[in-house]
Amino acid sequence: MIVGIDLGTTNSAIAYINAYGKPEIIHNREGGRTTPSVILFEGNETVIIGEEAKNNSVLDPFNTIDFIKSEMGNPQYKFISGDIAFSPEELSSLILKKLIEDAEEVLNTKIEKAVVTVPAYFNDAQRKATQDSGKLIGIDIVKIINEPTAAALAYGLLHNSDPQNILVYDLGGGTFDATIVKVNGKEVIVQATDGIRDLGGRDFDDKIIEYAIKVFNEKHGIDLMDIDYVKELQELRRRGENLKKALSTRVESQLYISCKGIREAITITRDQFNEMIKPLYNRTEIIVQDVLHQANLSPKDIDKILLVGGSTRIPLISEGLKEAFGITPSKEVNPDEVVALGAAIQGSILEDGIKEIKDSKLIIKDVSSHSIGVISIDSKSGDKINSIILNRNSPLPAKSRRSFYTIEDNQEAIKLQITEGELEEIDYITIIGEFEIKLPAKLKRDTQVDIEMILDENQIIHVFTSIPQISGFFEEVHIERESNLKSEELEKKKDIVSKIEID
Ligand code: AMP
């Protein structure tokens, strides 16, 4: 069986295809349909993951860790517990382990394979890091798919819809994605996607918390940001999030702060909250307009808006989208579950096992989320520039080639710097790999060197160089990102992770 996993920033979910051929969420051992992506370390060898860890974060903030997903692919990030420094891959693997162990118990079967979803904007280092988290616990992540694609897939299959253009507006705890997908029940073709990697529900919580801290300080002269009040601040975080959720159904609510024996109730109205978060919502709307433009569509071409992610429950979001598109966003799918359901469907397509899904002959086409290129020298100015080879939003798998020229006679080598980013200026792009390609002897200046790039369906980059005038000259380079774990590190970490028990 291949399960589908939505490994979320704030909450995770796992799904499978049931005996009736329908995707279904697998509840965890505590009975929850989603599991908070929060880990509480109890020493080095035992962790608690999920709701209990989230609730305990107030009592034990230094041993609690959340928002791990936003650190995936960041080699600098470490969480220290005792004498062990845990990488984002290891921490994510513990969450995966909890989901898998729970599902194994509920379904009473061994699980060895999974499809895992990631935000559309995840680059290949972040995708590789996600895949490595699976390796650490012996789970084969057979495919990584984009969250909005999974959502559209589940929607398309569950609602067997007529051909339509869907905007998937995905606003979770820490990230935002906007994706345009053409769905006609059997085909899910992504047209364009973009996102903001550091915008989500936590920023909305922060607005409430900042306001409450300010009011409390003005009244009582106590700054809860002070290091002495770590526990109070953690508690305020929890209450701030609850207040935010309450404001999705109520027009006002209260936030209680207690510190040094002082208790204060702060009232916040939905209008006040809307005002606090409007600039953040506006940023998402700019991305939505840009994605529409990339897909060559205008707002009137959108037939359906699919809301994904817990933060889309905020009324301002659906009201804003309704105003921009003239249609009411769809409430047909559960925003917390639809991504995992889509991943389970993708799993069963790969497995080729479930008759109903097989018969529906689903076709899924995704697009690339970043432009990929190389650094070259501008022949006019002599400056270094980013030359894009594969454009963003290219249908996957994508393949493209560009020709470059040697700059001097007898040039011995070319330095290949692979880039990720949209602009020509090299200050605004990321270099994701550097290679030296040795050239054959006695080449004249201006010899053509072709660089071909392939981005496969998992958005992993393959780069090839060739010299048309010299048959047989062909080099493939493998990008081993600095930011990813080396194979020997993986083995070592596997050992560490296997010793950790989930309580
Ligand atoms: P996700 O990453 O999709 O699980 O989204 C989690 C985010 O959704 C968190 O920031 C939650 O606080 C937020 N959220 C969940 N339910 C609500 C709600 N009813 N109103 C506002 N935000 C919510």
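This is a predicted model: local features need pLDDT of at least 70, side-chain atom pairs count only at pLDDT 80 or more; totals for chains, interfaces and linings use all residues.
Residues are numbered from 1 along each chain as its sequence is written, and side-chain values use heavy atoms, with hydrogens and water left out.

Let me begin with how domain 1 and domain 3 sit relative to each other. Eight residues of domain 1 are in contact with seven residues of domain 3, where contact means heavy atoms within 4.5 Å. Between them the two domains bury about 740 Å², with 37% of that on carbon and sulfur atoms; buried area here is the accessible area, with a 1.4 Å probe, that two parts lose on being put together, summed over both.

Next, strand β10, which covers residues 113-118. Helices (H or I, at least four residues) and strands (E, at least two) are DSSP runs, numbered from the N terminus. Five of the six residues of β10 are buried, and by buried I mean under 20% relative accessible area, with exposed over 50% and partly exposed in between, using a 1.4 Å probe and protein chains only. Strands pair if DSSP finds at least two bridges between them, and β10 has five bridges to strand β1 (residues 2-6), running parallel, as well as six to strand β11 (residues 140-146), also parallel. In detail, aspartate 6 has threonine 117 as its bridge partner in β10, while valine 115 stands opposite lysine 143 in β11. Together, β10, helix α3 (residues 124-136) and β11 make a right-handed β-α-β unit; right-handed says that, with the strands pointing away from the viewer, the path from the first strand over the helix to the second runs clockwise.

Within helix α3 we find serine 133, which is buried at a relative accessible area of 0%. Leaving aside neighbours within four places in sequence, serine 133 is in contact with Met72, Glu89, Ser92, Ser93 and Leu96.

Now to the backbone, where, as a general point, most residues other than glycine have a negative phi, and most peptide bonds are trans. Where does the model have a cis peptide bond? One joins leucine 396 and proline 397, with omega about -5 degrees, and proline 397 lies in the loop between β20 (384-390) and β21 (398-405). Lysine 442, which is not a glycine, has a positive phi of about 60 degrees, and lysine 442 is found in the loop between β23 (430-438) and β24 (448-455). The loop between β23 and β24 also holds aspartate 446, whose phi is near 70 degrees. Is each of these residues buried, partly exposed or exposed? Lysine 442 is exposed, with a relative accessible area of 73%, whereas aspartate 446 counts as partly exposed at 48%.

I will finish with charged pairs, since side chains of opposite charge can pair when their charged atoms come close. A search of the whole structure finds 32 salt bridges. One of them joins lysine 245 to glutamate 241, with the closest N and O atoms 3.7 Å apart; because these two are four residues apart in helix α6 (residues 230-246), they are separated by about one helical turn. Lysine 245 is partly exposed, with a relative accessible area of 45%, but glutamate 241 counts as buried at 19%.

Another salt bridge is formed by arginine 392 and aspartate 290, whose closest N and O atoms are 3.8 Å apart. This pair links distant parts of the chain, with arginine 392 in the loop between β20 and β21 and aspartate 290 in helix α7 (residues 270-294), 102 residues apart. Arginine 392 is buried, at 15% relative accessible area, and aspartate 290 counts as partly exposed, at 29%.

Methods: A salt bridge is a side-chain nitrogen of Lys or Arg within 4 Å of a carboxyl oxygen of Asp or Glu.
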